[in-house]
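Subject: A structure for you to explore

Hello! Here is the structure I promised to pass on. Have a look around first, and then read my notes below.

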Amino acid sequence: MLQQQFVELAELAGGFIHEIKNHLSTLGLNLQLLSEDFGQPQSQRDRRSLERIQRLQGECGRLVDVSNDFLRFARVKDLELQPVGLGALVEEMVDFFGPTARQANLEIKVYVPADLPPVLLDQDLFKQALLNLLLNAQQAMSAGGELTIQAAREPDWLVLVLIDTGKGMTEEVQSKIFRPFFSTRPGGSGLGLPTVRKIVEAHGGAISVESEVSRGTKFTIRLPIPPASANGSAKGTSVETIANLNGKQMPLAEVMVPALDRGFLFGDAVYEVIRICRGKPFLMAEHMQRLARSLDAIRIGGVDLPRMEQRIRETIAAGKFQEATVYIQVTRGAGAKRAHPFPPQATPLELFWVQEFVDPYLEARQHGAAVTVVPDIRWDRCDIKSTNLLPNVLAAQAAKDAGCVEAIFIEKDGTLCEGSHTSLFGVLDGQLLTAPNSNAILPGITRGLVLKLAERAKIPLREHVFKQVDLPKISELFLTGTTSEVLPIVRVDGEQIGDGKPGPVTRRLQEAYQQAARETAE
Ligand code: PLP
């Protein structure tokens, strides 16, 4: 009875926070517009008004952050458990956290034995818990330091330990850190560590802390090892990737493509990437239409797309994929010899694979990311989703080398066009701008959705380019893409955009995107 009352109360609180967030988003947007009206204060009074507006914007942003933390805390239920190798998961999170760690002067050392048995985890939730602990360690070591992550096996438990060399905690603080709304950090919601504990306990595990002031802190997580019978098919990794070559299903590692295949030799091929959300393809019709358009544009005929779509759906069901991506590639096939013109009788090669999706952008989506600008050296038909991606590959590597998530292509006239694998949006004078569809950009499917969502939310909108010289006046910048979703950008080549935080328009569209993805999955 008490339990049921608690559940009802929690649902009510969740609904209430959602409602408040909707209003906060309108409030934030209006404050943003107001602050832009006062962009160049003429008088002392204007300056004071602008300061007050900016203070209100800060408070509004904080309320949104606290609400998000609250919702994350409340959401820990109905776990989707899968056998997972802890080593791979830790490695993935450390890799993902790498740029933040480097910036904060943190050295992360990982010692996870390769032969640990798999544990049953809700991957998304457990990654969230790990990320919270990594961020916690970063905050504890504000002047840099060392974080050691170790895992070991006890007879019935898998033990994961995180040790930092940060400022440590008193016994009193230690006794309170897992309590909701307790925080030693100004502006902290006090829900990070309680969420971690809730996630660990929801997995049947336990978390404990030991700490010494000025020495550091050690968190120990114990996760139950499932009985051997329960993990019969577990391989210590997550769900296996399933490929399909010309209608034949096989593991990805077994796919063989002939050396004379024109996709391999000339990049004579087109591709798509589709997202699966909670077991359902998201925006599949739009992706298949774009694939049809790309095939048509490079004159590959004879591909039965409805049949391919059916095969993809069957593969998703057979593999019980939940959060996944489908990669599709169609090449012109193989000729009798290597020659540039189309071979007279080649049969297109149809390949796709469905792979579990591990979201690399979780933190960047929350706090914003950095990009770099590179010259656009691509061809004149960027509207075709072809596998000829060398300029994009070089641009993405330049971004990685610069510690950025993405590279933005710049045209000769200074126009910022799109990313190496994302579409680009900016907010200028309160208006949302993105390049119009043309030969110069890929007609992004996420871009199309975001334009619809912006229109529905009555966000002033214009399909028009902006230039590098506009950046100082741009208040918000974000990227869109199938895997990046709506990704806030807060720095371009080291220069801050707006107030250096994801802005209200971006937040609103992130939420609208999430809702659209949830709705397909329902
Ligand atoms: N622009 C380019 C050049 C891309 O390669 C991509 C995706 O790969 C995008 C934009 C984003 O498109 P979508 O939203 O369809 O993933």
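Predicted model: local features only at pLDDT ≥ 70, side-chain atom pairs only at ≥ 80, totals over all residues.

Residues are numbered from 1 along each chain as its sequence is written, and side-chain values use heavy atoms, with hydrogens and water left out.

Back to T506, which lies in helix α13 (residues 504-521); helices (H or I, at least four residues) and strands (E, at least two) are DSSP runs, numbered from the N terminus. T506 is buried, with a relative accessible area of 1%. Buried means under 20% relative accessible area, exposed over 50%, and partly exposed in between (1.4 Å probe, protein chains only).

A364 sits in helix α10 (residues 362-367) and also counts as buried, at 12% relative accessibility. Leaving out residues up to four places away in sequence, A364 touches F96, A369, L487 and P488.

Next, the nonpolar cores. A nonpolar core is a set of buried Ala, Val, Leu, Ile, Met, Phe, Trp, Tyr and Cys residues joined through side-chain atoms within 4.5 Å. The largest one has 45 residues, and L86, L121 and F126 are among those with the most contacts inside it. Elements that each supply at least two residues of this core include α3 (86-103), α4 (123-140) and β4 (145-153). Helix α4 gives the most, with 9 residues. A second, separate core of 23 residues includes L291, I298, F321 and V326.

Finally, the ligand. There are 17 residues around the ligand, and R290, E418, I445, T446 and T482 come nearest; a residue counts as near if one of its heavy atoms lies within 4 Å. A polar side-chain atom of R290 lies 2.8 Å from an oxygen atom of the ligand. For T446, an N or O atom in the side chain is 2.5 Å from a ligand oxygen atom. Strand β16 (415-419), helix α12 (445-456) and strand β21 (474-481) each supply at least two residues of the shell around the ligand.

Enjoy exploring!

Terms used:
Polar contact = N/O pair within 3.5 Å; in protein donor to acceptor, adjacent residues only side chain to side chain. Contact = heavy atoms within 4.5 Å.
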